[in-house]
Amino acid sequence: IDRLNQQTQALIDRVNQDGRVVISGAHLHGRLYARLAPLQFKTHKQHVDVAVDLIADAACALLAEQVS
């Protein structure tokens, strides 16, 4: 679980470094989960699309770093 939590924290940090989107973490039963909460009334579909793209890009970059 520690390794998975570290990987999740790395994903959160990578996404937040960009500055366009902020995701947080939530702990449940010892696991850390990345959490996106687009509940602000000014949030539109394009904001969510950017967030999804940033999360996917960060995940791919982290996986590539693990393989190399």
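This is a predicted model: local features need pLDDT of at least 70, side-chain atom pairs count only at pLDDT 80 or more; totals for chains, interfaces and linings use all residues.
Residues are numbered from 1 along each chain as its sequence is written, and side-chain values use heavy atoms, with hydrogens and water left out.

**The whole chain**

The C-alpha atoms fill a box of roughly 35 × 30 × 15 Å along the principal axes.

Of the 68 residues, 19% count as buried, where buried means under 20% relative accessible area, exposed over 50%, and partly exposed in between (1.4 Å probe, protein chains only).

**The charges**

Now select the charged side chains: there are 7 positive and 7 negative ones, and the centres of the two sets lie 6 Å apart. Lys and Arg count as positive and Asp and Glu as negative, while His and the chain ends are not counted; each charge is placed at NZ of Lys, CZ of Arg, CG of Asp or CD of Glu.

Taking a salt bridge as a side-chain nitrogen of Lys or Arg within 4 Å of a carboxyl oxygen of Asp or Glu, the count comes to 3.

**First stop: Arg14 and Glu65**

Select Arg14 and Glu65, whose closest N and O atoms are 2.6 Å apart in a salt bridge. Because Glu65 lies in helix H2 (residues 45-67) and Arg14 in helix H1 (residues 2-18), the pair ties together parts that are 51 residues apart in sequence. Glu65 is partly exposed at 45% relative accessibility, and Arg14 is partly exposed at 27%.

**Second stop: Asp18 and Arg20**

Move to Asp18 and Arg20, a salt bridge with its closest N and O atoms 2.7 Å apart. Arg20 counts as exposed at 58% relative accessibility, whereas Asp18 is partly exposed at 37%.

**Last stop: Lys45 and Asp49**

Finish in helix H2, where Lys45 and Asp49 are 4 residues apart, or about one helical turn. Their salt bridge has its closest N and O atoms 2.9 Å apart; Lys45 is exposed at 60% relative accessibility, and Asp49 is partly exposed at 34%.

Notes: Helices (H or I, at least four residues) and strands (E, at least two) are DSSP runs, numbered from the N terminus.
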